[in-house]
Structures are given as structure tokens and as C-alpha cells.
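Student: I keep getting lost when I look at a whole protein at once. Please pick one part, go through it slowly, and then show me some side chains as well.

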Amino acid sequence: MKTILHLLTFTGLSLISALAQFPNFPAADLVLGVPDFETTGNGASLPSRMGQPMGLAIDPLTRKVFVTAQDQNRVLRFARIEDLNNGANAEAVLGQINFSSTGGAPTQTGLNQPSGLHVDGLGRLWVADYGNNRVLLFLGASTLANGAAADRVYGQPDFNTTSADLTNSKMDRPNAVYVDDDDNLWVADQNNHRILRFSSISNRSNGAAAFSVLGQLNFTSKSTGTTNAKFDSPSGLTLDAEDRLWVVDRDNHRVLRFDDAANLASGSAASGVLGQPDFTSNGFALSAQNLEIPVDLLTDDLGTLWVVDSENSRVVSRTLPRRRTELRPTE
């Protein structure tokens, strides 16, 4: 199932955190992909249009906006948030040589159904190239020209291989990526029903093997399940300020939490669950406690978890508890 993300921004937006203070039913201030709020997008091959937008990221250094347009096999880069107007043209495109091209390609400059993306604290763009079964890295993404080549690839040994597989260095339909402050690359490897962690990613070459896996006991199993250590088509992930990994376990209609995730051994159990009363239930419902086909999530700098609950046609949020206590000087 695909998720359509409409890029709407609101006055006073600092990434997404300001949403936690909004009143009900606020009006959006900005729309991209269409010229105004009354026009439906048509996915035209233009710098101002998008075909099936699936992911959004903001460069924390430049505040430029990146959007994956999955049906156009491209990533659009827009100017910084403060400089955008309704229907603004993208300033650059990745995955295509220009704004009129849309074909998918298994190359160093091509993309095939890109899904999730992330810009880390160093300004590096990470793209889950879903149809090519790989993750691409673009250095200095906010300054790249149209059609720039990726700098590195994971999930494949090189830029021209696209086969899916089940090993510690291969992927099958990755759809979400995140790089934490400790230089760990996290990948939701959807069809292998697992989360991969690549440690010290800045020093890893093309095709490097993952260091650990969650959702499976090892790198050669791909079974699904409804336990505290299994997934069924994980589709989104993020880490919060407390070093907790949050994973959207889509087809189990839940979100799993892994505390101190970077130090967990392969196959470790989750520490908590949202959307279900326990780790063995996977029913769905429309309530404050339940989810139905959640697909994505994020945490903001106010300590709020936001979950895209797709089949219930809503976004739900929850304030997260703090685990760390602030140290005070002795009197």
C-alpha cells in the first residue's frame, strides 16, 4: 500500500515540532506540488509537480526541503522553507537528468520508486531506493546539480545491481532510512520483515554488511510474526532524543519501541508497543489506543511521537516520557 504525503507547512514551523502546540483544524500556510489549495495534483513532469510523493526530509543545516516523487522516480529539492511560496518550482532533481524525465534506472544517477528519505546532521541525503532494493547516499545534497551521482550504495555490491536477496548485505524493498547521531544507518527492509543496522556508516564502503538485525534472529531468516521480536512488513522508523528506536510494524497494526537500540544484539525483543494491548495481539480498530495499517512516524524536538495511521485516515500523536534525568550540580 502506498502513502500519499501532501507537503503542507504552517506558520512558525520548526521542522515538525510546532505542530504539538497547534489548535484543532488550523489552516495551512504553504502547499507544494500544486499552485494553490484548491488544485488537485496531476503528477506532471514539471519542477513544480509531484507524482506520488512518498517521503519528505528537511536538511537541518540549510533548511532545504527534499521530497520523493515515487511515480516519477526522482527526488525533488526545494529552496529553504523560509523562501518557499505556494506551487514553488524545485531547484534541483536527483534520479533524473532533468525535470521532464521520469524513467526508472538501476544506475549511479538513477532511481526506481524511491520511498523514504532522510537528511542527517551532516547534510547527507539518504534515499530508500525501493524498486532497486538499495539505499543511496548523496553527500552535500543541498548543493547538488540535476542528475548528480550518488556517492555510495548499500544493499547492493555496486550501482548496477538491483536483485533482492536475504543476506547481511542485501535488501528486499527497503522503504525507510534514518542515520542517528552515533553514525548508525537504520533501514526498514520491508519484504525481509526486518530492521538492519549499519554501524560507523561514514567509514563503510559500497555493499557493506549490516552489523545487526531486529525482527529476525539472524540475517538468513525472514519469517513474520506477532511477538515482541518479530515484524510484519515494517514500513517506517526513527530514533528519538532518548536513543529509542521506534518502528512502524505496518501489517501488525502497531508501533514497537526498542530502548538503547544501538547496543541490542540481533533478534532482541522490543521494549514496548503502541496500537496493541500486548505483544501478541494484532487487531485493528478506530480508537485512541489502536491503529490500522500505520505507515510512517517521526518524533519532534518537543518529545512527541507522530504516527501516520493510514487506513483510519488520520495522524495520531503521543507525548513521550523522558528516561534521562537532568544532572544538577551539588549544593
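**A sheet and some side chains**

Tutor: Let's start with an open sheet of four strands, in the order E11-E12-E13-E14, with antiparallel pairing. Strands E11 (174-179) and E14 (212-214) are the edges, each pairing on one side only. On average, neighbouring strands here are turned by 20 degrees against each other, direction ignored. For such angles, axes are lines fitted to C-alpha atoms (for helices, over the stretch in contact), and angles run from 0 to 180 degrees between N-to-C directions.

Before going on, some ground rules. This is a predicted model, where local features need pLDDT of at least 70, side-chain atom pairs count only at pLDDT 80 or more, and totals for chains, interfaces and linings use all residues. Residues are numbered from 1 along each chain as its sequence is written, and side-chain values use heavy atoms, leaving out hydrogens and water. The E labels are for strands, DSSP runs of at least two residues, while helices (H or I) need at least four, and numbering starts from the N terminus. Two strands pair if DSSP finds at least two bridges between them.

Strand E12 (residues 185-189) and strand E13 (residues 194-198) run antiparallel and are joined by five bridges. In one of these pairings, Leu-185 has Phe-198 in E13 as its bridge partner. Strands of a sheet pair through backbone hydrogen bonds, either parallel or antiparallel.

Arg-124 sits in the loop between strand E7 (114-119) and strand E8 (125-129). Is Arg-124 buried or exposed? Arg-124 counts as buried, because its relative accessibility is 7%; the cut-offs are under 20% for buried, over 50% for exposed and partly exposed in between, with a 1.4 Å probe and protein chains only. Its side chain makes a polar contact of 2.7 Å with the side chain of Asp-120, and a polar contact of 2.7 Å also joins the side chains of Arg-124 and Ser-202. A polar contact is a pair of N or O atoms within 3.5 Å; within protein, one must be able to donate a hydrogen and the other to accept it, and residues adjacent in sequence count only if both atoms are side-chain atoms.

Charged pairs come next. A salt bridge puts a side-chain nitrogen of Lys or Arg within 4 Å of a carboxyl oxygen of Asp or Glu, and the count comes to 14. One of them joins Glu-91 and Lys-64, with the closest N and O atoms 2.8 Å apart. That pair links distant parts of the chain, 27 residues apart: Lys-64 is in strand E4 (residues 64-69), and Glu-91 is in the loop between strands E5 (74-80) and E6 (92-94). Asp-249 forms another with Arg-254 at 2.7 Å, and both of those residues are buried.

Finally, Gln-72 lies in the loop between E4 and E5. It counts as buried because its relative accessible area is 3%. Its side chain reaches the backbone oxygen of Gly-43 at 2.9 Å, and a polar atom of that side chain lies 3.1 Å from the backbone nitrogen of Gly-51.
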